[in-house]
Amino acid sequence: MTRDPSFNRSYKNPYRRGLLAVAGVTGLFLLITLASTGLTLGGWEDIFIVPAIISGGLTLLFGLIGLGTWLYGFWQVHKIKEFLTSGRPLVQWTYTPEEWQELKEANWQEEQGDWQLQLGCLTVIFALAGLLTGAMIGGDEGLVEAFTGGLIGGGIGALLGGLIGAVVAGFNHLAVRQAHQQVEPGEVALAPDELYVNEDYFKGNGDSSYIKHTELQPGTPTLLQITVRVPLRPRGPDEETWVVVVPPRMIERVKAILPSLQSYHRENE
């Protein structure tokens, strides 16, 4: 298939939304590390040594996660460009400015409140962890000390969880706002066991990952629901559902290529 000239454009890291949150958490732990180290070197109680060590380790951990994610995203951009110029897509399109505006507004209405859940959940989780840790430490000295230690630990945990939650929520909200303000229209390309949908990319290997099912759902708008099987991963589902908004001008062309997207697996399952 001849490549659509409208695909001649720059491509951004598909994981940049998550990278913003990781960068924010890394920066928070770095500040805690510097503050704890400074207080320890300044002659304060040795109690700040432990927070310095823990936060330093977490800074390194999240920093490496962020670096690895950025490098993987950079590699994905290369694969996306190769896919879109390869001739493998059976159908592809770029949304018109009007279609893109409607799609952005729908996504904004769906995602704009998600950040509030992250803020509350992390606060509760860290508060409970601090409560249990403080109670266990104080329990060696008696019931009163266990109760006091639990209160102190719970308070510290709630504060730390609230800070982390606020950073994650704030950067996620920023990412959603940036997506809502994106002027350049999104784009879609579909091929057997390979998808590119508005900066998200999937490529199956024909064995442990592939397109399992497709369904075109008429309506306003018309939706293409694609179920993909992904390799097994810890604590994650082995299937994902992609939903693609199909413009009226592309409905017939999408219908025509749907059997080809999963024909291999129909024959071999």
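This note sets out points on the helices, sheets, loops and surface of a predicted model.

1. Basis of the model. Local features of this predicted model need pLDDT of at least 70, side-chain atom pairs count only at pLDDT 80 or more, and totals for chains, interfaces and linings use all residues. Residues are numbered from 1 along each chain as its sequence is written, and side-chain values use heavy atoms, with hydrogens and water left out.

2. Helix α1. Threonine 26 lies in helix α1, which covers residues 16-41; helices (H or I, at least four residues) and strands (E, at least two) are DSSP runs, numbered from the N terminus. Threonine 26 is buried at a relative accessible area of 17%, where buried means under 20%, exposed over 50% and partly exposed in between (1.4 Å probe, protein chains only). Apart from neighbours within four places in sequence, threonine 26 is in contact (heavy atoms within 4.5 Å) with Thr59, Phe62 and Gly63.

3. Leucine 64 belongs to helix α2, residues 49-84. Leucine 64 is exposed because its relative accessible area is 53%. Together with Leu60, Leu67, Trp70, Leu71 and Phe74, Leu64 makes a nonpolar surface patch of about 670 Å². Patches are made of residues with over 30% relative accessible area and no salt bridge; like charges are joined within 9 Å, and nonpolar side chains (Val, Leu, Ile, Met, Phe, Trp, Tyr) within 5 Å. A salt bridge is a side-chain nitrogen of Lys or Arg within 4 Å of a carboxyl oxygen of Asp or Glu. Accessible areas come from the Shrake-Rupley method with a 1.4 Å probe, and for residues only the protein chains shown count as cover.

4. The sheet of 4 strands. An open sheet has the order β1-β2-β3-β4, with antiparallel pairing; two strands pair if DSSP finds at least two bridges between them. Its edge strands, each pairing on one side only, are β1 (91-94) and β4 (200-203). On average, and with direction ignored, neighbouring strands of this sheet are turned by 5° against each other; axes are lines fitted to C-alpha atoms, for helices over the stretch in contact, and angles run from 0 to 180 degrees between N-to-C directions. Strand β3 (residues 194-197) is joined to the antiparallel β4 by 4 bridges. Across this pair, valine 197 stands opposite aspartate 200, and leucine 195 stands opposite phenylalanine 202.

5. The β3-β4 hairpin. This hairpin has 2 residues between its strands. Asparagine 198, in the loop between β3 and β4, has a positive phi near 50° and counts as partly exposed at 24% relative accessibility. Glutamate 199 is found in the loop between β3 and β4; its phi, near 85°, is likewise positive, and at 16% relative accessibility it counts as buried. Most residues other than glycine have a negative phi, and most peptide bonds are trans.

6. The sheet of 3 strands. Another open sheet runs in the order β5-β6-β7 with antiparallel pairing. Here β5 (210-217) and β7 (239-246) are the edge strands, each pairing on one side only. Neighbouring strands of this sheet are turned by 20° against each other on average, direction ignored. Strand β6 (residues 222-229) and β7 run antiparallel and are joined by 8 bridges. Arginine 229 stands opposite glutamate 239 in β7.

7. A cis peptide bond. Threonine 220 and proline 221 are joined by a cis peptide bond with omega of about 5°. Proline 221 is placed in the loop between β5 and β6.
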